[in-house]
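I opened the notebook to record what I looked up, one entry at a time.

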Number of protein chains: 2
Amino acid sequence: MKRNLYLTTRPVEEAREIYMDALGSSAEPKTETVRVIDALGRVTSEAVHAIYSSPLYNSAAMDGIAVISSATAGASEASPLTLKAGEDYVIVDTGDPIRKPYDAVIMAEDTQETEGGMIIRSAAPAWQHVRPVGEDIVEGEMILTRCHRIRPIDIGVLLSGGVTEISVFAQPKVGIIPTGSEIVEPYEDPEEGDIIESNSRMFEAMVREQGGIPHRYDIVPDDYEEIKASVLRALDENDMVIVNAGSSAGTEDYTVHILREIGEVFVHGVAMKPGKPVILAKACGKPVIGIPGYPVSAYLAMENFAYPVIRRFTGIRESDERNIKAVLSRRLVSSLKHREYVRVRVGRVGDRYVCAPLARGAGAAMSMVRADGFCVIPQETEGYEAGETVDVTLLCSPEEIDRTIVCTGSHDMLLDVISDMMSGEAEGVRLSSTHIGSLGGLMALQRGEAHITPSHLLDEETGIYNVSYIRSLFPGEKMVLVKGVGRVQGLMTAPGNPLGIKGIDDLTRVKYVNRQRGAGTRVLLDYRLKQAGISPEEIDGYDTEAATHMAVAAQVAGGEADCGMGVYSAAHAMGLDFIPVGNEEYDFVMRPETLELPEMQSFLRLLTCEEFKAELEKLGGYTAEHTGEIRQIIPE
Amino acid sequence: MKRNLYLTTRPVEEAREIYMDALGSSAEPKTETVRVIDALGRVTSEAVHAIYSSPLYNSAAMDGIAVISSATAGASEASPLTLKAGEDYVIVDTGDPIRKPYDAVIMAEDTQETEGGMIIRSAAPAWQHVRPVGEDIVEGEMILTRCHRIRPIDIGVLLSGGVTEISVFAQPKVGIIPTGSEIVEPYEDPEEGDIIESNSRMFEAMVREQGGIPHRYDIVPDDYEEIKASVLRALDENDMVIVNAGSSAGTEDYTVHILREIGEVFVHGVAMKPGKPVILAKACGKPVIGIPGYPVSAYLAMENFAYPVIRRFTGIRESDERNIKAVLSRRLVSSLKHREYVRVRVGRVGDRYVCAPLARGAGAAMSMVRADGFCVIPQETEGYEAGETVDVTLLCSPEEIDRTIVCTGSHDMLLDVISDMMSGEAEGVRLSSTHIGSLGGLMALQRGEAHITPSHLLDEETGIYNVSYIRSLFPGEKMVLVKGVGRVQGLMTAPGNPLGIKGIDDLTRVKYVNRQRGAGTRVLLDYRLKQAGISPEEIDGYDTEAATHMAVAAQVAGGEADCGMGVYSAAHAMGLDFIPVGNEEYDFVMRPETLELPEMQSFLRLLTCEEFKAELEKLGGYTAEHTGEIRQIIPE
């Protein structure tokens with residue numbers, strides 16, 4: 001097959017260094033003069049010095065009277081002194097000039113007005129409550145260094161120091177070219193084979209956040225000459241250019257060839273995952289970067305390679321990166337061949353941060369929205385064991401993390417509903433849920449990696465949900481069970497149930513999609529199969545795992561499977577047929593101290609509020625008889 | 001005197017609570033629909049759900065060939081299989097749809113093209129390298145909760161999920177009214193008695209940062225009716241109004257009276273310092289806040305009271321506050337009567353953060369620019385001892401702090417020059433200097449609260465600078481002295497030296513301004529006075545202290561003093577006459593391990609670079625013979 005070959009795959013830092021060196025003066029910042037009142041967020045290109053002193057003159061630091069200090073000598077409680085208006089004193093407000101012969105201020109509180117004068121009861125030393133000229137800012141003093149990003153307070157001080165215009169780095173214009181014959185604009189109706197173009201819009205926002213001015217071009221189909229023409233035009237109109245997709249080694253990946261023709265390619269392929277197919281080039285004396293098409297790859301490639309170039313132009317020195325240390329909840333294996341960025345959810349449980357890995361595919365953009373940060377596994381490292389402390393680069397603020405309930409366990413759509421309602425609370429509480437099934441969740445809770453675990457584990461012997469599992473996993477510990485909802489589990493089929501599935505017995509003749517090991521729904525299936533005397537081997541697709549009810553529903557709706565087990569609300573949301581199999585109890589397990597958290601109070605309040613009940617009604621398939629009831633689980 | 005009286009002075013939280021409760025629906029957010037591509041930084045007013053699944057169809061996850069899994073069975077290294085094009089396989093790029101009968105993808109790398117077909121060497125199980133429909137986003141799935149601030153990645157995912165418009169909170173319009181007969185616009189030429197209006201411009205920037213739309217009105221003089229008319233107009237045109245200054249209890253402070261007339265005042269006076277004279281009111285059904293005039297008070301009042309109201313409108317839940325723990329370098333005394341915000345410089349020395357208090361005046365806006373954060377002393381607390389660990393709210397990022405050299409000791413203008421040059425370094429290194437004199441600096445160094453101390457302490461017996469002081473303060477320790485500059489110290493007088501000052505002997509007949517205790521310049525003065533047989537009591541102004549050379553120069557230039565001692569560069573900068581008194585050595589003291597810090601390498605490099613020498617030349621009064629030389633100080 002005719003495909004590109006990566007000549008080399010370079011380590012991230014090496015690639016960046018090679019490129020920044022190669023760019024040299026191709027990414028030199030330009031400067032411009034702006035009004036101070038328009039300068040918020042801009043970056044100084046040179047030091048700024050005060051033109052005036054502040055205060056400009058000796059001035060009153062208090063409301064009161066300006067006096068001649070020598071004329072107040074001797075005044076005391078025992079022998080008060082009466083000063084004559086206009087002669088011995090004048091009334092001043094804070095900021096008023098203190099002119100000769102006055103040289104001190106007595107506070108209003110310490111004076112008493114009287115017929116023909118003002119009584120004082122203590123002497124004022126010279127300069128009392130007077131701000132001398134230049135006390136705050138001295139004429140000629142350096143107010144700001146170069147490369148300083150202007151904050152509101154800087155604007156105030158610059159103006160006070162008589163500075164009305166400053167020299168700042170010009171915002172770089174960044175051309176963004178989406179390419180690909182299969183991509184369509186978001187507002188068009190996509191058909192099979194179409195991919196909605198979204199990366200370029202994410203890039204626009206990223207460029208804006210970094211202080212650049214994005215200029216997005218129309219989508220260019222996979223055509224060598226058309227892409228080349230668009231790149232040349234963008235190079236002419238911008239300071240740097242981003243070409244999206246076509247940066248890999250596929251049959252229609254033209255970018256690297258075009259950049260070789262019109263300029264120079266310094267790096268093609270970087271040892272990072274996701275994000276390997278990056279092109280770092282220069283053409284017409286300007287930086288051009290080829291960014292891969294998968295959204296997560298695209299995001300990471302932008303951050304690692306486009307940001308440093310944009311920062312060269314903007315002069316912004318600090319990165320907004322926020323890093324914390326967190327305890328890893330699951331083993332993470334990675335290859336020595338690349339640096340890997342793994343999306344994680346982060347929460348503070350007790351006095352430590354814990355992080356749980358999310359989906360790792362380059363295409364799983366939604367997992368980036370749900371992620372709180374990235375755990376970076378360095379090249380030359382095979383990964384980390386569960387329980388190791390790792391570095392996490394946050395995608396949100398540490399304060400948000402501190403206000404987050406970490407919910408790890410079984411999946412239900414009502415978690416989204418509560419999460420949404422919690423976000424609306426004035427305190428901005430968050431619910432961060434990871435779906436690893438009931439049993440996995442209880443084990444995470446045991447290891448102190450979660451606040452609460454939604455669970456629906458059936459004890460086959462007693463028919464009671466959750467309690468026996470909690471007792472066996474937390475021996476000797478007092479635990480709390482907050483009753484959640486009753487929900488209907490059942491078999492989801494295509495609309496109209498074309499295969500006529502009536503129950504568990506029919507599963508041997510259809511293509512099934514299962515839930516992952518440890519999921520309560522899978523436990524229920526196994527229980528029912530056993531009752532029916534069916535062995536898992538008899539079911540086609542028993543080993544096909546999906547992580548959520550909605551993912552099962554989507555596979556059935558998409559035709560990849562004929563049938564899957566899940567809750568009614570998921571079937572309802574995807575317009576599927578639903579054959580009830582049984583009612584179960586979906587509860588929340590936690591340690592007693594978790595109940596004390598203010599975030600948990602908010603969770604409990606919302607569980608029993610009217611809006612939540614209405615939402616359950618809308619989703620369908622739930623009962624809320626005992627919702628919000630707190631049960632103490634005492635060890636036997 | 002006719003003045004307002006504060007009825008009560010309320011604790012900060014109580015004031016805020018009273019006000020937010022009183023506002024009720026007067027600060028209810030409005031919503032609007034925006035295009036997703038314009039939504040960066042906006043805040044969702046309701047949960048957003050996916051309209052399409054992503055991928056929209058089963059698609060190739062790799063570049064390669066789509067195959068029929070059953071037709072690949074049996075292929076192995078030992079018995080490769082040749083597939084027929086168009087029949088057994090089709091070539092696919094990543095993202096291409098996988099249509100029936102194809103159900104798996106083999107990577108390009110694992111295939112070999114041949115006459116009439118493609119050779120494969122392993123079987124492909126069904127669904128290998130195929131992304132099923134909805135793998136990333138499932139139709140109907142909640143993508144974002146309400147109250148979520150849109151990030152670039154959200155824009156990408158929303159568009160991928162078929163969402164092109166979302167409902168967000170409208171940005172509140174905030175009217176800003178600067179009042180005061182003494183204030184003038186920045187671009188006007190100020191005269192004595194004028195104050196340059198800068199607060200309203202700072203407020204504009206603060207409102208923008210918080211997601212509001214500022215609307216600044218013209219300056220209104222201190223006139224009851226004029227201010228009232230302006231407030232009424234602003235209330236009509238905005239969602240909330242900020243009135244600046246006139247919020248105190250001075251003779252011309254009308255704001256509270258006006259707000260009582262046209263609305264209701266809930267709080268007048270808050271127990272915080274700076275920032276006490278705050279007015280929290282409602283008029284025409286909208287929030288109105290009176291903010292004090294001193295810049296630091298204004299900043300803190302905005303942050304504590306205007307921000308929460310703006311956030312009610314914007315729906316933004318998280319604050320950008322960044323807090324750290326730091327060790328306090330100096331004792332901080334405060335009153336039980338109020339919560340005090342003390343500006344501090346912060347640095348990381350070794351493995352802990354240390355913070356040094358800066359000027360505390362409400363008018364010292366420049367100290368806010370120089371500050372890295374606020375240390376908050378709670379009401380009911382009398383302050384903190386040196387060495388205590390305190391909470392600091394940062395005004396910059398923790399990463400900036402980590403890249404900061406903490407420089408505590410003697411002041412010289414060349415520190416500004418180096419600081420500016422360091423900011424220009426690609427790594428964004430910072431120099432944070434606090435001026436507490438040479439001796440105070442060495443003591444801070446001793447306590448591990450500084451990286452380096454600029455010092456010029458003369459040993460009167462040996463005539464050698466610094467070394468003996470270091471040996472006695474760091475007994476038994478190896479230390480490093482980096483040679484700085486030689487500099488001329490002298491007496492600064494008004495231009496033309498009107499009093500004919502020739503030297504130390506003349507100080508008995510003039511008004512003097514001194515440096516603070518522990519300053520090398522004061523040590524030098526004392527030494528010269530002793531030589532001349534003059535006692536400090538003979539000098540008028542010996543006890544008047546200024547903290548920097550420039551502050552001394554400003555007092556002389558302003559006429560508050562006739563004469564002060566300082567370096568030539570300060571006299572030169574302020575256009576003063578200068579009578580040389582002696583040459584001295586201004587060096588940098590540090591521990592040996594400090595030399596290893598990358599930031600220090602950058603400092604040393606800049607000390608000896610050409611640009612720095614040229615700047616010294618420009619400042620005047622310096623020699624740079626040994627600049628940058630490293631001397632080991634071995635204990636005796």
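Entry 1. How many of the 10 residues of helix α10 (residues 437–446) of chain B are buried? I noted first that this is a predicted model. I then counted eight buried residues in α10(B), so the helix is mostly covered, taking a residue as buried if 20 or more other C-beta atoms lie within 10 Å of its own.

Entry 2. I listed the buried residues by name. They are G437(B), S438(B), L439(B), G440(B), G441(B), L442(B), A444(B) and L445(B).

Entry 3. What do the buried residues of α10(B) pack against? I found two helices of chain B, α11 (467–473) and α12 (520–532). I also found the strands β29 (404–409), β31 (452–455) and β36 (577–590) of chain B.

Entry 4. I looked past the end of the helix. G448(B) follows α10(B), and its phi is positive, near 75°.

Entry 5. I turned to the two chains together. A rotation of 180° with 0.0 Å of shift along its axis places chain A on chain B, with an RMSD of 0.1 Å. The two copies are therefore related as by a two-fold rotation axis. In chain A, the C-alpha nearest that axis belongs to R322(A), at 5.3 Å. Both copies use the same surface, as 100% of the contact residues of chain A recur in chain B.

Entry 6. I checked the contact between the chains. I found 94 residues of chain A in contact with 96 residues of chain B. Helix α2 (residues 152–160) of chain A gives the most to chain A's side, with eight residues. By class, that side has 42 nonpolar, 28 polar and 24 charged residues.

Terms used. Residues are numbered from 1 along each chain as its sequence is written. Chains are lettered from A and ligands numbered from 1 in the order in which they are written. This is a predicted model: local features need pLDDT of at least 70, side-chain atom pairs count only at pLDDT 80 or more; totals for chains, interfaces and linings use all residues. Copies are superposed by least squares on the C-alpha atoms of residues with pLDDT of at least 70 in both. Two residues are in contact if their C-beta atoms, placed from the backbone, lie within 7 Å. Helices (H or I, at least four residues) and strands (E, at least two) are DSSP runs, numbered from the N terminus. Ala, Val, Leu, Ile, Met, Phe, Trp, Tyr, Cys and Pro count as nonpolar, Asp, Glu, Lys and Arg as charged, and the others, Gly among them, as polar. A residue is buried if 20 or more other C-beta atoms lie within 10 Å of its own, exposed if 12 or fewer, and partly exposed in between; C-beta atoms are placed from the backbone.
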